[in-house]
Amino acid sequence: MTIRFENGIVVTLGENNRVLWNAAVVTDGDTITAVGEAAEMKRLYPDAEAVDCSGKIILPGFICAHHHFYSTMARGMAIPGEPAENFVQILERLWWKVDRAILEDDILLSAQLPLIDCIRNGTTTIIDHHASPSMRDGSLDIIEGAVRQAGLRASLCYEVSDRNVKGGGIAENERFIKKVGKGDGQIAAMMGLHASFTVSDETVETCVGIAREHGVGCHIHVAEDAADRVDSLSRYGVPTVNRLHRLGVTGEKSIFVHCVHVDESEMDLLAETGTIVVHNPESNMNNAVGVTPLLTMLKKGVLVGLGTDGMNSDMLVQMRTAYLLHRLANRDPRVAFVEAPTLLLQNNREIVRRQLGLTLGEIAPGRPADLAILDYHPPTPLSEANFLGHLIFGLVDAVVDTTVCRGQILMRNKQVLTMDEERIAARSRELAPQMWKRLEEL
Ligand SMILES: [Zn+2]
């Protein structure tokens with residue numbers, strides 16, 4: 001089906017960002033076929049279905065480079081025991097119980113709800129990191145089904161850790177990686193690992209072997225808290241990145257999430273090996289783990305992308321948080337204006353290109369038809385020259401009206417079309433208290 005998304009302001013992004021007023025994007029099936037002046041597009045594609053985008057801005061769909069769908073049911077839950085004083089206690093008292101308490105139905109619902117949130121926020125591609133030790137086998141199939149139902153794109157993995165059982169999760173990753181193969185542009189697979197401090201050398205080596213055999217990268221939390229660095233130094237005699245490099249985890253397809261507590265030599269190693277880093281500013285602030293040396297990593301040429309770490313599915317909010325955090329942390333109002341949007345708009349594109357083999361994040365003929373269409377009446381002139389100002393101070397608070405992925409309209413007039421949010425949320429409210437009760441008994 002051919003569709004004209006017309007009469008809006010089109011921001012193409014990509015290598016040569018153009019801002020086109022009163023323009024249209026034409027899609028045919030899952031691909032963008034033309035971009036240009038609205039009247040001209042109507043003349044060239046008269047039979048296309050028309051979607052009026054007056055008073056709206058049309059952007060490429062956003063990419064989240066690190067998410068945890070499974071964290072959904074923790075919202076509003078009372079955490080048993082004394083408040084956690086540090087990051088390791090947050091894991092022990094909250095997340096390492098949440099993952100054990102979720103069962104089959106919870107896995108499905110806790111994927112469906114953030115996927116709806118992704119649609120609501122124009123986030124069309126997600127790299128997720130899943131954990132559910134009480135139901136490992138087949139858990140990635142459940143999430144895959146939810147992603148396909150939503151109509152979004154995702155790279156999925158299961159987090160391997162030795163903390164419950166040695167090598168737990170390796171089989172599920174291997175099975176899913178084999179099943180997905182090279183992927184179909186909608187679903188891809190990675191080898192997931194929790195973090196250096198919960199995996200033995202032997203476990204990591206097994207994971208790396210499987211990842212290499214199938215040509216996929218590893219997706220692992222790295223030096224999120226100082227405890228991961230201290231553990232690596234004391235047990236292996238080297239910092240976290242060096243330990244993982246020695247075991248073969250680094251590389252252009254591998255994602256090292258966070259990298260808050262890394263030194264200069266580790267950053268050099270990340271740059272030399274082309275390893276991807278994903279920054280999650282809201283999560284780092286929430287867990288009070290410290291400030292990622294983002295500007296230093298970027299200066300050294302490390303490819304740093306942006307994720308939510310399960311906090312939410314709103315990439316523009318993450319972008320603005322990165323902007324604010326690094327200005328304050330550096331006490332320098334000259335920084336992060338370009339860097340924070342670069343993580344989201346350029347670097348996440350490159351990360352997804354490596355994972356899914358697609359060039360997303362650009363409105364141009366031949367590119368995949370993934371769009372986020374937001375209500376926006378610019379109060380000042382808007383052009384290529386000042387787009388970032390509108391992005392950081394205006395668009396971040398604009399409401400997404402229409403979301404398109406693979407050419408399919410997933411939300412129109414703010415109505416999600418592929419999922420029944422009311423029914424899914426109601427079922428989740430029924431099951432969450434049962435999950436909380438199981439968690440209390442752990
Ligand atoms: Zn994470």
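**A helix and its two partners**

Guide: In α3, the residues Glu104, Ile107, Leu108, Ala111, Gln112, Leu115 and Ile119 meet Ser139, Ile142, Ile143, Ala146, Val147 and Ala150 of α4. By class, this contact of α3 with α4 has 10 nonpolar, 2 polar and 1 charged residues. The model is a predicted one, and local features are described where pLDDT is at least 70. The axes of α3 and helix α4 (residues 139-150) come within 9 Å and cross at roughly 30°. The crossing in which α3 passes α4 is right-handed.

Helix α3 (residues 104-120) packs with helix α15 (residues 421-440) at an angle of about 135°, and their axes are 10 Å apart. α3 and α15 are therefore oblique to each other. Here α3 passes α15 in a left-handed crossing. From α3, the residues Asp105, Asp106, Leu109, Gln112, Leu113 and Ile116 take part, and they meet Glu421, Ile424, Ala425, Arg427, Ser428, Leu431 and Met435 of α15. The residues of this contact of α3 with α15 divide into 7 nonpolar, 2 polar and 4 charged. Gln112 is listed in the contact with α4 and also in the contact with α15.

An open sheet is formed by 4 strands in the order β6-β7-β8-β10, with parallel pairing. Its edge strands, β6 (62-67) and β10 (187-189), each pair on one side only. On average, and with direction ignored, neighbouring strands of this sheet are turned by 15° against each other. Strand β8 (residues 153-156) is joined to β10 by 3 bridges, and the two run parallel. Within that pairing, Ala154 has Ile187 of β10 as its bridge partner. Helix α5 (residues 170-180) packs on the sheet, where it touches β8 and β10, and its direction makes about 135° with that of β10.

Next come the domains. The domain assignment of the protein gives domain 1 as 2-61 + 362-415 and domain 2 as 63-356. The C-alpha centres of domain 1 and domain 2 lie 30 Å apart. To their contact, domain 1 gives 17 residues and domain 2 gives 20 residues. On the side of domain 1 that touches domain 2, at least two residues each are supplied by β16 (371-375), α14 (387-393), β17 (400-405) and β18 (408-412). That side of domain 1 has 12 nonpolar, 3 polar and 2 charged residues.

Two of these elements, β17 and β18, pair with each other in the antiparallel sense over 3 bridges. Cys405 has Gln408 in β18 as its bridge partner. The hairpin of β17 and β18 has 2 residues between the strands, and in this hairpin Arg406 takes a positive phi near 55°. β18 is also joined to strand β19 (residues 415-416) by 2 bridges, and these strands run antiparallel. There, the bridge partner of Met411 in β19 is Val416. The hairpin of β18 and β19 likewise has 2 residues between the strands, and in this one Asn413 takes a positive phi near 50°.

Methods
Residues are numbered from 1 along each chain as its sequence is written. This is a predicted model: local features need pLDDT of at least 70, side-chain atom pairs count only at pLDDT 80 or more; totals for chains, interfaces and linings use all residues. Axes are lines fitted to C-alpha atoms, for helices over the stretch in contact, and angles run from 0 to 180 degrees between N-to-C directions. Angles under 35 degrees count as roughly parallel, over 145 as roughly antiparallel, 65 to 115 as roughly perpendicular and the rest as oblique. A crossing is left-handed if the near helix is turned anticlockwise from the far one by less than a right angle, and right-handed if clockwise. Two residues are in contact if their C-beta atoms, placed from the backbone, lie within 7 Å. Ala, Val, Leu, Ile, Met, Phe, Trp, Tyr, Cys and Pro count as nonpolar, Asp, Glu, Lys and Arg as charged, and the others, Gly among them, as polar. Domain bounds come from an automatic or database domain assignment. Two strands pair if DSSP finds at least two bridges between them.
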